[in-house]
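Try each task yourself, then follow the solution step by step.

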Protein chains: 2
Amino acid sequence: MKCELISVGTELLVGDTLNTNVQFLSRELSLLGIPVYFHTTVGDNPKRLEEAVRIAFNRSDLIITTGGLGPTQDDLTKEVIAELFKKKLIQDEKTKEDLLQYFVNREFTMTPNNLKQTFIPESAEILFNPCGTAPGILLKEQGRMIIMLPGPPREMTRVFEEAVLPILKHDNNQLVISRYYNLSDIGESAAEDRLLDLIDTQVNPTIATYAKMGEVLIRITANGNDENEMNALLDHYEEIMLSRFEDNIFSFSKDSLQITVCKLLLEKNITLATAESCTGGLIASQVTEYPGISKIFGTGLVTYSNEAKINLLGIKKETLDTYGAVSNETAIEMCENLQKISQAMLCVSVTGIAGPDGGSAEKPVGLVYIGVCFDGKTDVYHYHFNGDRKVVQQKTANKVFHLIRKTIVDKSK
Amino acid sequence: MKCELISVGTELLVGDTLNTNVQFLSRELSLLGIPVYFHTTVGDNPKRLEEAVRIAFNRSDLIITTGGLGPTQDDLTKEVIAELFKKKLIQDEKTKEDLLQYFVNREFTMTPNNLKQTFIPESAEILFNPCGTAPGILLKEQGRMIIMLPGPPREMTRVFEEAVLPILKHDNNQLVISRYYNLSDIGESAAEDRLLDLIDTQVNPTIATYAKMGEVLIRITANGNDENEMNALLDHYEEIMLSRFEDNIFSFSKDSLQITVCKLLLEKNITLATAESCTGGLIASQVTEYPGISKIFGTGLVTYSNEAKINLLGIKKETLDTYGAVSNETAIEMCENLQKISQAMLCVSVTGIAGPDGGSAEKPVGLVYIGVCFDGKTDVYHYHFNGDRKVVQQKTANKVFHLIRKTIVDKSK
């Protein structure tokens with residue numbers, strides 16, 4: 001079953017609206033094992049909309065349109081498709097009742113043009129819209145399926161999930177099971193390299209990698225009819241994943257590294273404190289995005305200037321004068337003094353040169369020292385990150401989260 | 001000139017990537033007065049890509065592709081289009097030099113497949129890519145123009161703005177001048193409401209509003225042939241803007257509120273310090289994103305727990321016990337104590353309930369107190385923000401930047 005998505009709406013063609021609908025639908029369809037070969041976007045223009053539908057009908061088995069089902073004169077999807085396949089539009093009594101009820105429930109006054117939404121192409125199936133006035137429509141024609149969905153994302157997703165998904169699952173008659181492995185401390189190409197033998201010959205399961213800064217998410221998807229068989233196949237791949245990425249897998253879900261680390265700290269009840277120079281509060285702010293984190297996080301210091309390092313953290317002036325603010329020695333002192341101040345079980349310090357200025361031959365932009373103090377022991381790591389200021393800051397934060405996790409996991413081994 | 005956009009990349013068809021490129025290009029083209037009639041997305045499949053280009057070539061004068069110009073075997077846009085129009089691919093010496101230099105500058109090792117990017121269809125024009133390895137390509141064919149741009153948004157926008165825009169402007173034979181007004185402390189619909197008389201009747205100039213959290217950017221664009229006339233028209237609209245949004249305009253450019261405030265602090269040499277509770281370092285991290293900010297920013301405290309408020313900021317236990325951590329009194333003390341500790345000229349404190357837990361009938365989720373201490377005077381503001389945890393944190397940070405600017409501007413009046 002080949003699928004094509006058609007988005008209808010001039011607002012998309014002039015760039016007023018970001019088309020999130022196609023991403024949602026593409027992801028859902030791909031999870032069902034239904035390949036999407038084309039997305040097409042057209043404006044509220046009957047001629048060009050008809051052209052798009054005709055082209056799609058000639059090359060796809062399933063066409064899903066979004067948009068153009070509303071009450072105004074601009075909304076033409078249903079009209080154009082009915083005309084193309086010579087279907088009359090007939091008022092549907094149940095849809096009319098639902099529509100009237102919708103307005104009663106919300107104490108809105110219905111304008112007459114709303115009734116346009118109760119007319120459905122003959123022989124079509126109605127896909128109930130629980131949060132809007134335009135229902136979805138399913139039309140079967142010459143062995144192909146055309147599904148029309150409303151354009152507002154909130155309505156589109158509800159109609160898709162509640163009315164379309166069951167139909168597609170039934171028609172597709174196939175199970176799809178995915179497992180996720182989220183890796184840190186490895187780049188996408190290096191990760192792919194270690195999987196090349198499997199990727200090159202993949203049929204079932206399929207392997208996909210997705211890179212975010214500091215993370216590589218691997219999705220392994222099995223298709224089939226027998227759940228036990230599929231899970232056995234995925235178990236086999238899980239063994240491979242564990243043997244090849246033992247040190248990198250931080251999560252068996254789509255959870256980000258930051259979320260995984262916050263969950264780990266909460267689960268093990270390990271209190272955390274941070275002392276940041278070049279990241280300027282980024283690490284603390286990512287930690288405090290997580291709900292309920294106050295149970296283990298109380299103190300974060302942004303000691304951006306030398307004065308702040310001396311006054312707030314008690315860094316010795318001598319250390320700064322002798323080794324510089326960006327040094328192994330300063331990172332250790334920041335971390336150990338933070339421990340005394342905060343009494344946190346795990347303390348992290350960061351000092352580095354985010355750029356674009358401030359670098360030298362000896363200490364170039366991107367040089368970062370990270371101190372981690374846990375269980376009476378302080379380790380300092382240093383890195384040289386590439387990229388602009390924001391990228392260096394973000395890569396540093398990612399590495400800190402990686403090191404927090406590694407420190408805790410290594411200790412419990 | 002009718003335009004069509006073709007996005008190339010399987011990641012779009014499986015929903016891994018949100019297609020922001022088409023929105024950017026559609027908006028830019030629409031501002032140039034070039035109508036976009038279709039968007040098409042295809043995967044990294046030569047047959048279907050060829051089909052999409054052929055269909056587009058038959059109905060459009062200008063085709064802009066994004067994606068598929070990279071170094072891997074998957075990247076096929078240039079190859080498919082060259083083949084379709086019977087063009088040889090020829091290595092371009094200048095592009096090769098640029099590519100080698102790119103790797104030297106970044107101290108990366110170039111893999112041989114990168115050289116693929118130096119081959120350009122004969123008779124095509126090269127569109128220099130200042131921040132990536134794949135240049136854009138312009139091909140003129142049978143009176144039509146095909147422009148191939150790299151897929152990564154950062155590269156695509158740079159190539160478009162620096163190489164494509166001048167060509168299109170020249171071809172379009174029309175001048176386009178835009179002015180920007182960036183507003184804070186007002187919502188998009190309220191801003192639009194104040195402009196409704198102008199928006200409803202707009203022909204030239206055109207008015208567009210873009211909302212980001214905490215900001216509304218208004219762009220007023222004049223089209224014409226006479227620069228003086230166009231500027232006079234825009235001057236007239238500038239007067240209207242100033243009269244209607246005097247208190248809201250923080251920038252006459254696309255600069256964000258954060259960037260505007262950092263520039264203002266640097267320009268006036270006003271030192272800043274922050275003490276954050278519910279925002280957890282977000283404000284400090286947004287300040288320190290700005291290059292060179294160490295001149296005026298030295299100290300940020302994340303006093304997330306009551307212990308940290310007492311130990312680091314010297315907040316009286318009595319204040320916390322009597323009024324609570326989220327209170328006018330705590331905000332004042334945080335701010336004034338921070339001033340003593342940091343000696344900064346402008347001090348900001350934030351304490352609030354970001355949620356989802358921790359709210360009560362008296363102090364609901366979203367309640368936030370912001371203290372601003374400047375020139376011997378402390379003001380406390382309180383707000384009740386709607387939204388989830390991250391939204392409350394972000395809205396709070398935005399409001400802090402708004403208040404910093406307001407405090408400085410009001411003082412200089």
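How many Å separate the centres of domain 2 of chain A and domain 3 of chain A, taken over C-alpha atoms?

**Solution.** Start with the bounds, which come from an automatic or database domain assignment: domain 1 is 3–172, domain 2 is 175–251 and domain 3 is 257–412 in chain A. Taken over C-alpha atoms, the centres of domains 2 and 3 are 32 Å apart.

A word on the source: this is a predicted model, where local features need pLDDT of at least 70, side-chain atom pairs count only at pLDDT 80 or more, and totals for chains, interfaces and linings use all residues. Residues are numbered from 1 along each chain as its sequence is written, chains are lettered from A and ligands numbered from 1 in the order in which they are written, and side-chain values use heavy atoms, leaving out hydrogens and water.

**Exercise 1.** Describe the contact between domain 2 and domain 3 of chain A.

**Solution.** Step one: count residues in contact (heavy atoms within 4.5 Å). Eight residues of domain 2 touch 10 residues of domain 3. Step two: find the buried area (accessible area, 1.4 Å probe, that two parts lose on being put together, summed over both). The total is about 780 Å², with 52% from carbon and sulfur atoms. Step three: Asp185(A), Met213(A) and Phe250(A) supply 63% of the area that domain 2 buries here, more than any other three residues.

**Exercise 2.** Find the salt bridge across this interface.

**Solution.** Look for a side-chain nitrogen of Lys or Arg within 4 Å of a carboxyl oxygen of Asp or Glu. The rule finds one. Lys399(A) and Asp185(A) form a salt bridge through their side chains, at 2.6 Å from N to O.
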